[in-house]
Amino acid sequence: MADEGSFRKEWLRPFFFYGNNWISLLGGAITTASAMVLVGFWIVSFFGHGGSSNPYLGIIFELILPGIFVAGLVTILVGILTRRSYLVVTDQVPSFFPEISIHDPIFRQGLDFVVVATLINFVIVGTACYRGVAYMDTVSFCGTTCHVMSPENTAYHISSHAGVACTECHVAPGTAGYIHAKVNGTKQLLEVVFHNYPTPIMADNKLPAAAATCLGCHNPASFIGDKLHISSSYANDESNSQTYSLTMLHVGGRDAFGRLSGIHGAHMGKIEYISTDSSNQTISWVGKTESDGSVTEFTSGDPKKPVTGQRRTMDCIDCHNTVGHAFNTPEDALNKDMTLGAPSASLPFVHKEGLALLKENYGSPEVAQAKITAKLITFYRSQYPAIWNSQQAQVNAAAKTLVKIYDSNIFPDMKVGWGTHPNNIGHTDSPGCFRCHDGSHNAKGSKTITNDCSACHNLLVSGELHPKLLSDLGLQ
């Protein structure tokens, strides 16, 4: 044992001698500091506080920090080899390497440097990691760091969930959700680096189940009852005639007596489906588990042909698919903004001209901005010079709004256009409810998924100029 200990000392002496240079000492400080941060993270993770809500946490603590640790080791070796080479060339290699002792002032000076540098690096590395993790939990990181997410980021800020962090909906809680998000996030990062990302970017059933995300804030079983929905639209005539539609939506839910009713009530329980496309717009099979445990199967098309595909359990996102990223149709977007006052309905044919401009293909946002503005101004200067002279401000405001609508929905470089991301609530602009409630999904015994309109809503007013019901409610 004595010989073994003597051998170790003899081996370590040249290592510490050659390593006593500022390059190796700095490498030792970097290695020690990164190791301390890693060990601290592992301890915190062991007790269940590893910040698993962040899908990129593993990139820092399992890729970047270990890389810094290895870089520190390489720096130590570089310093040793550099100093040894210098001493050999200058013939300054000692015949006997100094003994390793705390009493040696040179050794103690190097040790002090390592200790101080380690503490400084520990603070720097630890703070950088903390700030990095905190930043990667922000909407800014998710939406703007990668330019390919511009459509989703823009649509997020005009959605009903604009105040909810991305990770709240896109990362399921727990270890499994963390691992899935980390793997998926790393894959997406590599796709962006190597310009191999899909265009457009679609969810493609990759979101966590609503039970792990949505139900943290919402309770679909709560009784909402009926809800009055009021919408307005403008005609393509010269006066942009405004009409109103009022619909009573039977949202329903579970009442105080436990009875299910309405839209939510009809979709409680276990419902499965098979779609023939990744965006779930064509559903060929629906299976509903009844209260007695039996399953009623509804198929669309030839019932004798076997239905193949992955079964998915229906949840909130299958209908409320645009709550986090709101993409509009040009008609809806223009009607909403005209109701708010811009474009002003006082401008002749502004609805007709606005729709035509929005539906043109421009190729880029810059071209769209220039042409939309120029064409709208040209229209009023040539066709309605009196309007142009008296309402230039309204025309310019209308052009600005049209550009904003276009920029919020059209992203040519990502191949996102009108209708790329359909809204499954309703059935006016996309199949939506009719994906299942189309009257052609049949089960054995002539049972059919209902397509009775009154089961979900009653149309109280449809396209009226001055509906009396609005006056009776004091809303007009």
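Trainee: What do the buried residues of helix 12 pack against?

Mentor: They pack against helix 11, helix 13 and helix 14. Keep in mind that this is a predicted model.

Trainee: OK, and which residues of helix 12 are buried?

Mentor: Ala368, Ile372, Leu376, Ile377, Phe379 and Tyr380. Looking down the axis of helix 12, the buried residues sit within an arc of 150°, so they line one face of the helix.

Trainee: What's exposed on the other side of helix 12?

Mentor: Glu366 and Arg381 are exposed there.

Trainee: How does the span of helix 12 fit what you'd expect?

Mentor: It agrees: helix 12 has 19 residues, which should span 27 Å at 1.5 Å a residue, and the end C-alpha atoms are 27 Å apart.

Trainee: Back to Ile372. What does Ile372 touch, leaving out residues up to four places away in sequence?

Mentor: Ile372 touches Leu357, Tyr362, Ala399, Leu402, Val403 and Tyr406.

Trainee: Which residues have the most contacts inside the largest nonpolar core?

Mentor: Ile372 again, along with Leu376 and Tyr380, in a core of 27 residues. Helices 10 (330-340), 11 (350-358), 12 (365-383), 13 (385-390) and 14 (392-409) each supply at least two residues of this core.

Trainee: And which helix gives the most to this core?

Mentor: Helix 14, with 7 residues. A second, separate core has 8 residues, including Ile271, Tyr273, Ile283 and Cys436.

Trainee: Switching to strands: which way do strand 1 and strand 2 run, parallel or antiparallel?

Mentor: Strand 1 (residues 225-234) and strand 2 (residues 242-254) run antiparallel, joined by 10 bridges. Within that pair, Ser231 stands opposite Ser245.

Trainee: How many bridges join strand 2 to strand 9?

Mentor: 5 bridges, and this pair is antiparallel too.

Trainee: What about strand 2 and strand 3?

Mentor: Those run antiparallel with 2 bridges, strand 3 being residues 260-261. Gly253 stands opposite Ser261.

Trainee: Which residue in that hairpin takes a positive phi?

Mentor: Gly258, with phi near 80°, in a hairpin that has 5 residues between strand 2 and strand 3.

Conventions. Residues numbered from 1 in each chain as written. Predicted model: local features only at pLDDT ≥ 70, side-chain atom pairs only at ≥ 80, totals over all residues. Heavy atoms only, no water. Pairing = 2+ DSSP bridges. Helix = DSSP H or I, 4+ residues; strand = E, 2+ residues; numbered from the N terminus. Core = buried A, V, L, I, M, F, W, Y, C linked by side-chain atoms within 4.5 Å. Buried < 20%, exposed > 50% of the residue type's maximum accessible area, 1.4 Å probe, protein only. Contact = heavy atoms within 4.5 Å. Expected span 1.5 Å × (residues − 1). Arc of directions from axis to C-beta.
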